[in-house]
Amino acid sequence: MRIARLSLLLTAAACMASLHAQDDIVMKAMRDEMARSMKQLTIENLEKPYFIAYRVVDSENAGAGASFGALNRSNSSRSRRLHVEVRVGDYKLDNSHFFFFNMNQGTTTQIYNGTMMLTVEDDYKELRRQLWLGTDSVYKKAVEDISKKRATLQNRTRTDESDDFSKEEPVTTSHELPAAKIDLPKWESEARALSALFRKMPAIHTSAVSFNASNSYSRYLTSEGTSYARREPSIAFNASAATQAADGTMLDDFLWFHGRSVAELPSQDELASRIQELGKNLTDLRDAPPLASYSGPVLAEGDAAPQMFRLMFLHDLIGAKQTINGMQGMNINNTNQAENPFLDRVGARVLPEFLSVVDNPLIAEYQGRHVAAQSKMDEDGMLSREVRLIDRGILKTLLMSRDPVRGFDHTTGSRHAGQAAPSNVIVTSSAGLSAADLRAKFIDLIKQRNRPFGVVVRRLRTANNVVLAYKVFPDGHEELVRGLQFVGMNPAAFKDIVAASKEPNFLTVQYRPAQNGPGMMMSFESEDNATPVSLVVPSLLFEDATMRMLRVASPNPPVAGHPFFDK
Amino acid sequence: MRYSTFGSPPHGWRPSNNLLGFGTALLAGAFFLLHAQPPSSPVLVAMNAELARTQAKLKSQPVPPYYLSYEITETHSIGVAGAFGKLQGSGDYRNRQLDVDLRVGDYTLDNTREVRGEMNYPQYSTTVVPIDNDPDAIRAMIWHQTDASYKRALDQLTKVKTNVQVKVAQEDKSVDFSREAPEHYSEPIVDVQVNRAAWEDKIRKYTAPFARYTNIYQASASFSAAAETRWYVNSEGAVIQTSQPAFRLFIVANTKASDGMELPRYESYFGFSEKDLPDDATVLKAVDKMIHDMEALRVAPVVDTYTGPAILSGRASGVFFHEIFGHRVEGQRQKNSDDAQTFKQKIGQPILAKEFSVYFDPTTRRLANTDLAGSYLYDNQGVKARRVAVVENGVLKTFLMSRKPVEGIPQSNGHGRKQVGMAPVARQSNLIVEVKPSAVQPDLKTLLIAEIKKQGLPYGLLFDDIQGGFTFTGRTVPNAFNVLPLMVYRIYPDGREELVRGADLIGTPLTTFSKIAAADKNVAVFNGICGAESGGVPVSASSPAIFVTQIEVQKKAKSQERIPILPAPFEGGK
């Protein structure tokens, strides 16, 4: 069975490799159906499309997962999806950014949210059929939406009068990285071996490791003439572990590594030592005392610096357009509809003068270490570029897709995972301190403030879940504490950072754009709405931060002990 | 295709006297350790070891569990899907999932009782366990899940006890969990292997004929070969290992009339072995018929409101009985405060003509030359499957029962079923409509014509195909008891047949049942997956064609989406 599966994959890989001429049969079908639709598609008296985009994504996925030395799964799949975007109206006001869901829609075309499954085999006629039916269905929804949107806007004032879609010069590009080599048998045995490390960690209750790889090949075409072909390989390693402290506090953490090839992942030995470290940290945390509250100097280093930047600052550097809710009476809570305060702060200081921030999707590595998001173009087909977001503390611009927001009319070539999103975020300090100097400054600050200790944070999951935090005493010794959360940390707090390190911390995360409106609720959680983002951030010294013990009800520890260790 | 066995050699499990003795002790509420000869499956070894350990460790808790069961389901499935002559996907998957049923309280009142006034929506939770036969790794997962289940059960029991105190006394005075004899059974583990490339070709071949048409908007086929192995143990002493293969082929196509009405056609095939699936010629003939039916439906007149006699073909009658009757005799529906409880007060009363009986029989594996998908040996609560006469000689006798009793029916009849990850409830198995010779007529059409003339009607109706929730094969189809007639003909007094579209069956089931007057001899079987609150379970429905003296039909609501605006981008044709 395994051999059969492997050979099928090899065949699939070979097929994929041979497909990628600029105008292959898929691109030709897209081009032909698009031309016909732009010319002829209209319902009597209603508007014709002014913009159509097709995206066809071939993906090959494979993964193997194990826990406690035994394989949980090993599988692979292939699929081809079509995304259709049809805009009616004009650049100023069109059917986009409007949420309306018609329960009574026909089921004839198997298309949801503009996405449908295609057959994986190339056939011009069948591709045309699916493009035809997909475009038809999305167009009908577009004309319905724009009339409802116009009606909704008649009764509402808008805070954001920006256009619905930015006008950009068409671009033709391609970017094809070599496909990641899929080696399930190897990952199966590595996953078994790495997950078996937990058989020597009696304090850990549950654990799992997995390898997941995908090779996606996207073809994109717009009626404006933009097109691209892009192959994106991706291999990720994940390990997770959880336990409980004696008082029931849940303790869990994970590792996530990403690369474009196996070579970019840490070696098996490195993974093993990181898993040992993960296990040891959780084990130590079980016995670490809680800290009721703390207010004073905080040093973020290791993973914590990029994680805090990502969780507490980065979202305001993204220009996200608000969605208009056309479902009257439907109260949708999880919408992130508050206006971004940075819209009005361009030219103002948002970070200390020694810090600058760029987003650079063009690089594959930084200071000799690989970073995740390397592409010549974004998902709108716009050329990728280095975007200087903050220059010596002053906000210069926001990351933009082709969805304008108030004051930001054009793209920065930054559409990833369906929305404006970061790629490789590099924070640099013009006054970076050596690790020793930064620590000395931290201790000085503790002393100045007459604090018995300061807090250094090395890892967090969310603002409410600080995993690794240590009391640092004036004599330099450290004590692990557990169960802390940050209180009131927002982008304003970053303005008061007092120092940063010279050496950066690297972290790559799976980034999902904030849900920006009710429509997002309906989309599926898939690799399409997540993108790897690398963060390169120096260690950061906050003069004042407030932290307190996270108080949530926890279940009691397990009644019976772990069957493997409790003998 | 061949079956191969792996793991333990076949060895039947016989309960020892010793075990039965323990079983009796358990009825008094005691926990015990299983002392039987350990089974050789490493999965069962792990399950039994953890079961015994949990019982020992939790015994001293203030509220110890009174019942605990583990079920691990391994699914190995090979699937191929295609559309319009091309492949959509093809894969080979194996996984194992664990279900834990841990109960606190006692048989009379436990944590599973309905909390009235609260949303009692079904919960899906899945626990993946290793596919490697590593008892340590499997036990680690069982342990963690058991602990979580125990804490949930304790919380829930508190809620249940409060609810019992603050609400009015429950109408139904039955207890929460029935006492059943522990079963012991082991059959050899089977696996499925198929030539996937050959099935990829078949799926292409079966869907290719649709590709010629510009007005067929969906046409796909899927094949699956799956071996499902279940290991089940409980604290009452049950130890069960079953392993069954299933082969399915499903074809769906959809067109639209010019007014936008959706006109789908389905075909489904099932067998316990690959050779039980039809050959290419049979499938291609069915595909041709689907195409022909869709062409005819597109131009067929829309049905008018109608009250009068009708014939339901065997397949239509099977689906009709499954949806309209079968779901309403699932035991828990007589108990849940939110259910209509249509048949609750009808036990012992005639609900059908006295020549009609309705059985649910998971032990019948084959009928009318067709394998029955709703067959199994033990249900998901470790209760042995058996034939249940729900309607005998027209009289309603009992309900389909899981281990959740209803008033007057204290025992399970082996119908506690579920999809992995869900909690079991009473579900259907193989529904079989049987008719005594005295009500069998050689030609129902003659009967229908006579009835039309008698009632002075211009025509009668023939329902040749009905779509119900279980005519879909997906596991994700929501709870659907409604029926949608797909192929309906007007039969005129002169015998002429005219296809119509857009019929919607209305009227109450009890009234419709009282009008079923005769049947023919041609039993047809429909195999499918039925979706309800405990997820998707394989079922079948078998019935001869039936004659109903009065049925009510109205025009169905149609889709608002019109046919495609632009013509197809290619030439259609034959």
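**Figure 1. The buried residues of helix α5 of chain A.** Helix α5(A) buries A:Leu271, A:Ile275, A:Leu278, A:Gly279, A:Leu282 and A:Leu285, where buried means that 20 or more other C-beta atoms lie within 10 Å of the residue's own, exposed means 12 or fewer, and partly exposed lies in between, with C-beta atoms placed from the backbone. An α-helix has 3.6 residues a turn, so residues three or four places apart point the same way. On the other side of α5(A), the exposed residues are A:Asp269, A:Glu270, A:Glu277, A:Lys280 and A:Asp287. The helix comprises 20 residues (268-287) and spans 30 Å from first to last C-alpha, close to the 28 Å expected at 1.5 Å a residue; the expected span is 1.5 Å times one less than the number of residues. The buried residues of α5(A) pack against α4 (184-195), β7, β8 (250-259) and β21 (478-481) of chain A. Helices (H or I, at least four residues) and strands (E, at least two) are DSSP runs, numbered from the N terminus.

The structure is a predicted model, in which local features need pLDDT of at least 70 and side-chain atom pairs count only at pLDDT 80 or more, while totals for chains, interfaces and linings use all residues. Residues are numbered from 1 along each chain as its sequence is written, and chains are lettered from A and ligands numbered from 1 in the order in which they are written.

**Figure 2. Confidence along chain A.** The average pLDDT of chain A is 90, and 90% of its residues score at least 70; pLDDT is the predictor's confidence in each residue, from 0 to 100. Residues 1-21 of chain A stay under 50 and have 16 contacts beyond four places in sequence in the model. Two residues are in contact if their C-beta atoms, placed from the backbone, lie within 7 Å. The pLDDT is also below 50 over residues 518-527 of chain A.

**Figure 3. The surroundings of A:Ser554.** A:Ser554 lies in the segment after β24 (531-549) of chain A. This residue counts as partly exposed because it has 15 C-beta neighbours inside 10 Å. Apart from neighbours within four places in sequence, A:Ser554 contacts A:Gly248, A:Thr249 and A:Met250.

**Figure 4. The two domains of chain A.** Chain A is divided into domain 1 (2-179 + 215-230) and domain 2 (293-318 + 342-549), with bounds from an automatic or database domain assignment. Their contact takes 19 residues from domain 1 of chain A and 19 residues from domain 2 of chain A. On the domain 1 side, β5 (172-176), β6 (206-222) and β7 (227-244) of chain A each supply at least two residues, and β7(A) gives the most, with 3 residues.

**Figure 5. The contact between chains A and B.** Chain A contributes 47 residues and chain B 46 residues. On the chain A side, α2 (25-40), β2 (70-88) and α3 (124-154) of chain A give two or more residues. That side has 16 nonpolar, 18 polar and 13 charged residues; Ala, Val, Leu, Ile, Met, Phe, Trp, Tyr, Cys and Pro count as nonpolar, Asp, Glu, Lys and Arg as charged, and the others, Gly among them, as polar.
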